[in-house]
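Subject: Structure for your files, with notes on salt bridges

Hello,

Here is the structure we spoke about. My notes on its salt bridges follow below.

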Amino acid sequence: MTETATDRMRKVKSILVTQEAPTDVNSPYLKLAEKYNLKIDFRPFIQVEPEPAKEFRKQKVDILQHTAIIFTSRNAVDHFFALCQELKLEMPADMKYFCISDQTSNYLQKYIVIRKRKIFSGLKDTKDLLEIIKKHKNEKFLFPCSDIRKSDIPDFLKQNGYTFTEAVINHTVAANLNDLKNVYYDILAFFSPSGINSLFVNFPDFKQNNTRLAAFGPTTAKAVKDAGLFLDIEAPLPNAPSMTGALELYIKRANGIK
């Protein structure tokens with residue numbers, strides 16, 4: 001008989017979130033732990049390593065031949081300017097910067113004098129950023145990214161005839177999780193297929209047994225199923241747009257809370 005999510009439903013006391021611990025004291029994870037008396041730990045299952053200048057040169061990307069750079073995270077900003085320093089490159093004063101949010105654009109001041117530069121910011125997501133990029137079709141865009149990235153930005157640029165170059169400036173690899181070998185959690189919460197890959201890199205003989213798995217986003221959910229694992233909690237849901245929301249709905253049912 002095929003096992004169902006209801007068959008697997010057991011009381012939840014502990015959760016491992018496969019991300020960095022939140023710095024905000026008002027984090028919804030911390031509130032969830034307090035509200036339901038849970039042990040919630042945080043541990044990134046993946047880490048990002050920079051692309052060495054020697055390897056970057058093999059991509060044959062001439063950074064200074066571009067007129068605009070697209071940044072989708074502060075992490076990308078750090079890796080890009082670290083690479084430029086290694087390559088002994090200085091960004092020209094007329095270089096334009098297109099950032100996914102004000103938070104990312106403000107972070108540029110760590111490396112450049114932002115009041116003297118042309119910086120364009122989206123409100124919070126890729127959709128906003130692309131609306132701004134539409135007004136600058138004549139630029140030569142550089143998109144510094146990881147070897148694992150979403151395709152929405154390059155797909156848009158390609159489909160609409162923009163001049164652009166992708167440049168891999170970092171790599172996503174499995175983190176070393178040896179210290180978790182004998183640690184058990186009721187729920188493991190994943191946010192990317194890379195996290196699932198890291199699980200098996202670190203624990204090739206992993207058996208799910210009673211461990212419930214939560215996945216955020218369709219690609220992560222697919223990775224769980226493709227690995228032959230049972231997906232107990234899927235987010236986002238219409239009535240729970242966040243991972244914490246989906247976890248709370250499950251905990252209420254599993255722990256018999258009304």
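Glu131 and Lys134 pair through their side chains in a salt bridge, at 2.9 Å from N to O. The term here means a side-chain nitrogen of Lys or Arg within 4 Å of a carboxyl oxygen of Asp or Glu. Both partners are partly exposed, Glu131 with a relative accessible area of 41% and Lys134 with 43%. The classes are buried for under 20% relative accessible area, exposed for over 50%, and partly exposed in between (1.4 Å probe, protein chains only).

Please note that this is a predicted model, in which local features need pLDDT of at least 70, side-chain atom pairs count only at pLDDT 80 or more, and totals for chains, interfaces and linings use all residues. Residues are numbered from 1 along each chain as its sequence is written, and side-chain values use heavy atoms, without hydrogens and water.

The count of salt bridges is 11. One of them joins Asp232 to Arg8, with the closest N and O atoms 2.7 Å apart. Asp232 lies in the loop between helix H8 (218-226) and strand E11 (233-235), and Arg8 in the segment before strand E1 (14-17), 224 residues apart. Helices (H or I, at least four residues) and strands (E, at least two) are DSSP runs, numbered from the N terminus. Asp232 is buried at 11% relative accessible area, and Arg8 is buried at 2%.

Arg43 and Asp179 form another, with closest N and O atoms 2.7 Å apart. Arg43 sits in the loop between strands E2 (39-42) and E3 (46-50), and Asp179 in the loop between strands E8 (163-174) and E9 (187-190), 136 residues apart. Asp179 is exposed, at 52% relative accessibility.

Regards
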